[in-house]
Amino acid sequence: YLGPRSILAGGAEFTMMVCVPTDAFDNPVAENTPALIKSQFLNNIVTTPEKTKDFIAWKNIYSSKPSGKILVSTESKNTATKEIETEVFPNIATNFSITFKRNHNFADGNQITTLTTSIIKDQFDNIVSDGTMVSFIISTKNNTLLKTFGTTINGIATGQILHPDNQDIYSVKGYVTGIAESNTINIDYKPIISTFNYAFSDKNRTLIIGPLKSFMNQLVPDGIRVVVKVFHNNNFVTTLQEETSK
């Protein structure tokens, strides 16, 4: 018997190999019968002689700093077992850094900004296990909190955020929850519209805004939110919201 079948790198955890040598009739052998416990990790093979006590022989096999597989077998009276393995997983993540990439820096409410971590490793320089969850926490200039998530592949996690539809500065930080964190980056989004035309029709009952044009003088995508605040005698009355079309 070998267990546990998964441990963390670093040398603090171990797996125990236990063997019960028996004779041809499946009876436990005599006390102090020699047994060899063999383990292999990377290029290192270790053979340890043990003797049975209370029918069993056993050995604790500690993890090393690198991650990988430990292969273990035993032999007694020229009878050998099959190899059994324990997986040595990377230890917990350490702090990392994040960067971002985008097609442009305009707040068009349409494009995607991609957040990417550096290669996340443990304290022993092992790349963390695939599937490690990274949370990206985004704070806007109005202190609104947004979140996006990514899982690591080969130590790198990515997340995506939609550009805002108005000028903003996003402050972004990544977390492996309760374990590690990243630096903070600021992402500045510029407004796509500086001025626009508007007109009243239907005896001032209808307000037509636009056409709204973006940073290349192109029409903005449908769905851009337009906020209209209504005042009467300098007193605020209400706020109206519509989305662009055509």
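This is a short tour of a predicted model, stop by stop.

Residues are numbered from 1 along each chain as its sequence is written, and side-chain values use heavy atoms, with hydrogens and water left out. Because the model is predicted, local features need pLDDT of at least 70 and side-chain atom pairs count only at pLDDT 80 or more, while totals for chains, interfaces and linings use all residues.

**Stop 1: a sheet**

Strands here are DSSP runs (E, at least two residues), numbered from the N terminus. Select S11, S17, S16, S13 and S14: in that order, these 5 strands form an open sheet with mixed pairing. Two strands pair if DSSP finds at least two bridges between them. In general, strands of a sheet pair through backbone hydrogen bonds, either parallel or antiparallel.

Which are the edge strands? They are S11 (106-107) and S14 (145-151), each pairing on one side only. Now show S17 (residues 180-191) beside S11: the two run parallel and are joined by 2 bridges. Pick Phe-106 and look across to Lys-190 in S17, which stands opposite.

**Stop 2: the nonpolar cores**

A nonpolar core is a set of buried Ala, Val, Leu, Ile, Met, Phe, Trp, Tyr and Cys residues joined through side-chain atoms within 4.5 Å. Buried means under 20% relative accessible area, exposed over 50%, and partly exposed in between (1.4 Å probe, protein chains only). In soluble globular proteins, nonpolar side chains tend to be buried together.

The largest nonpolar core has 19 residues. Select Phe-96, Leu-115, Val-134, Ile-161, Tyr-170, Val-172 and Ile-187, the residues with the most contacts inside this core. S13 (133-139), S16 (168-176) and S17 each supply at least two of its residues, and S17 gives the most, with 4.

**Stop 3**

Go to Pro-4, in the loop between S1 (2-3) and S2 (6-8). The peptide bond from Gly-3 to Pro-4 is cis, with omega near 0 degrees.

Next select Asp-26, in the loop between S3 (14-19) and S4 (34-41). Asp-26 has a positive phi of about 70 degrees although it is not a glycine. Is Asp-26 buried or exposed? Asp-26 is exposed, with a relative accessible area of 60%.

Finish at Asp-125, in the loop between S12 (112-117) and S13. Asp-125, not a glycine either, has a positive phi of about 70 degrees. Its relative accessibility is 54%, so Asp-125 counts as exposed.
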